[in-house]
Amino acid sequence: MNKLTAALLCGASLTGPALADEIWVTNEKDDTVSVIDTDTLEVVRSYPTGERPRGIIFSKDYSRVYICASDSDAVQVMDPETGEILHDLPSGEDPEQFVLHPDDRHLYIANEDDAITTVVDTQTRKVVAQIDVGVEPEGMAVSPDGKIAITTSETTNMAHWIDTESHTLFANTLVDSRPRHAEFAKDGTELWVSSEIGGTITVFDVTTQQELHKITFDVKGVHPDRVQPVGFEFTEGDRLAFVALGPSNHVAVVNAQTYEVEDYILVGRRVWHMAFNADRSLLFTTNGVSGDVTVIDVAKREARKSIKVGRFPWGAAFRPTP
Amino acid sequence: MRNRFFNSWLATVLGMLLAAGAQAETVMKIGYLKVDTPRPPVLSNLDPVPEDLGLAGARTGLEDNATTGRFLGQTYTLIEDRVPEGGDAIAAAKAMLAQTPFVLLDAPGRTQLAIADLKEAQGALLFNASSGETALRSENCRANLLHSLPSDAMRTDALAQVLMQKRWTDLVLIAGTHPEDLAYVEALRRSLTKFGLKLSDEKTWAFDADMRRNAAQEVPLFTQDFGDYDALIVADELGDFGRYILYNTWQARPVVGSEGLSAVAWSPVMEQWGAAQLQSRFTKAAGRAMMPRDYAAWAAVRTLGEAVTRLDSSDPASLRGYILSETFELAGFKGRPMTYRSWNGQLRQPIAVVHPRAMVAQAPLEGFLHRVNELDTLGLDEPESKCEAFE
């Protein structure tokens, strides 16, 4: 966003309703979402949710926000304009993370306590399928063409490859201990999976499901055991990956072409998940233990500000100006 | 640290196996041998010892393994046997070893040694999931006996680190008379020396009164001549009198040790690092909260599962080698990878320091440094252990 627009938006926000882009953050131990204005970098609103909100995702047109209320055993559908809970979706027990299929209609939900991935139709509000996966499913991803869904299971230590047509597993690939997050990259040719306890990211070739590369991290002055990759996001064109390293309190900058780690950025305590603003010039990371969100200047690769949110911020999602 | 080459080699091999659809059927039988021992009476029966203590943890671990095994063509079964008081533990162990070389032992230390020394146990892989005796990790160690339960020394070191950090350096002790209490005291003395803490005074609890009626009168007098101190340590590993010490001391001082602020392998108050998921899985299956021995049994079964997953083998010697190697790591819901000490087969693990309602700290605490692994500030480090059975 250029400076003029930013200035205009700031001016506008003084008189009228908020018009800036937003980052929505779930607060796991406050049962709320905090809404951050990406221009002023302040929390502008917060809304109550069900119990233990974790995963958060917007519908394609941003008219709905889906929230995993883990301890309420539901996915809640909220109107982001008003914060009103419109209805709950059946989600299976203890939904933790989820992903919206490119069809904008089906949610793929990891049921952490049940070793199941649940597929829910957001229109009919019915469960379409339940797929047995490993123990403690968590990371979820769908390929850009919508044909493959991925669930990672934390205790089984696998990425489970789901055929979204038949809702069956067609491959199970081992990764290092406690996989937490998965993302497709480079037009769906690569799958990246982070392993929290293993301390690595495994990169798979999607066509063959074979391991292409394993990325390791080394934060100066931090014991390797505490370098625990969790959430990650890619910059424009999948050039760089920003990787949250949990209790090491750092975010790594990985060159996604060479798989080399280029930088480490100090952020808040126990950094977890993250979301970019519209032009991906700013990155917002949730820091569970310190209860704040760090704003990273992507070009400068440094933290710009930390914003206090609720207790144990977990998920983050971007919402453009309505 | 982690052996990348081995990992990628492993992934390749497993990948080929899976791609080819040539899933080798690996069948893992894991034994759980529980040897009942007489339990001395305690003053209060508020907290009965669960019948399935330990065993319930093994069952949860087996479920976890089985779910993973489904995707790899590996199956797991648990063979359970229980020897009543006065029964023949050795005969039961022989019968179990005839069925599987992988056995969890829930038995007193000396019984475990007798089993480990059996001809039938040579080449087997046994797990001590019940005894904290430090000697089993030192002069009495056996090459075929690994330890998933932390040693007493690990727990007292964890407690000592917290006492240090809080500067509660002037301490007094009340100890029971059971062998478990004496073992705890011995471990405690070692820890206090190791961390430079002072034990100013100590007393033995030898009352036979029922404290539910008169703790308020007995304990203040009993603790009056301790004078001033920072914290009172209770060595009461069976949960006999310790609960009546709290809030009844002459001086208003914190109570730590077996009661009050305790260092434990596991506790129902642990919820971080995904622990909440293991707790709820366990509670759903067992109908009660997970206790330290349940956790130790869970960790032993998961150790075998993790090794079988990565090696795709059920050969005890290969599994033992892998488990003791630097490549092995177990995610144990305590925030760090857990590995085994190559010098005595002890599972390295963080130790929670808790009170009944919350976790206070997790050892190793920040600032307690070690040249290799901070987890080795807890328990017998390589130079301290007199174990020679491990290369």
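Domain bounds, as used here, come from an automatic or database domain assignment. The structure is a predicted model, in which local features need pLDDT of at least 70, side-chain atom pairs count only at pLDDT 80 or more, and totals for chains, interfaces and linings use all residues. Residues are numbered from 1 along each chain as its sequence is written, while chains are lettered from A and ligands numbered from 1 in the order in which they are written.

**Confidence**

- The predictor gives the complex an ipTM of 0.78 together with a pTM of 0.86.

**Domains of chain A**

- The assignment divides out domain 1 (33-178) and domain 2 (217-322) in chain A, and the centres of these domains, taken over C-alpha atoms, are separated by 21 Å.
- In chain A, 15 residues of domain 1 are in contact with 15 residues of domain 2, where contact means that the C-beta atoms of two residues, placed from the backbone, lie within 7 Å.
- On the side of domain 1 of chain A that touches domain 2, the largest share, five residues, comes from strand S4 (53-58) of chain A, strands (E, at least two residues) and helices (H or I, at least four) being DSSP runs numbered from the N terminus.

**A sheet in chain A**

- Four strands of chain A form an open sheet in the order S20-S21-S22-S23, with antiparallel pairing, and two strands count as paired if DSSP finds at least two bridges between them.
- Strands S20 (232-234) and S23 (261-266) of chain A stand at the edges with a single partner strand each, so one side of each has no neighbour in the sheet.
- Strand S22 (residues 250-255) of chain A is joined to S23(A) by five bridges, and the two run antiparallel; Val253(A) stands opposite Asp263(A) in S23(A).

**Two helices in chain B**

- Helix H9 (residues 292-311) and helix H10 (residues 316-323) of chain B pack at an angle of about 100 degrees, with their axes 10 Å apart; axes are lines fitted to C-alpha atoms, for helices over the stretch in contact, and angles run from 0 to 180 degrees between N-to-C directions.
- H9(B) and H10(B) are therefore roughly perpendicular to each other, a description used for angles of 65 to 115 degrees.
- Residues that make this contact include Leu304(B) and Leu311(B) of H9(B), and Leu319(B) and Tyr322(B) of H10(B).

How values were computed
Parallel < 35°, antiparallel > 145°, perpendicular 65-115°, else oblique.
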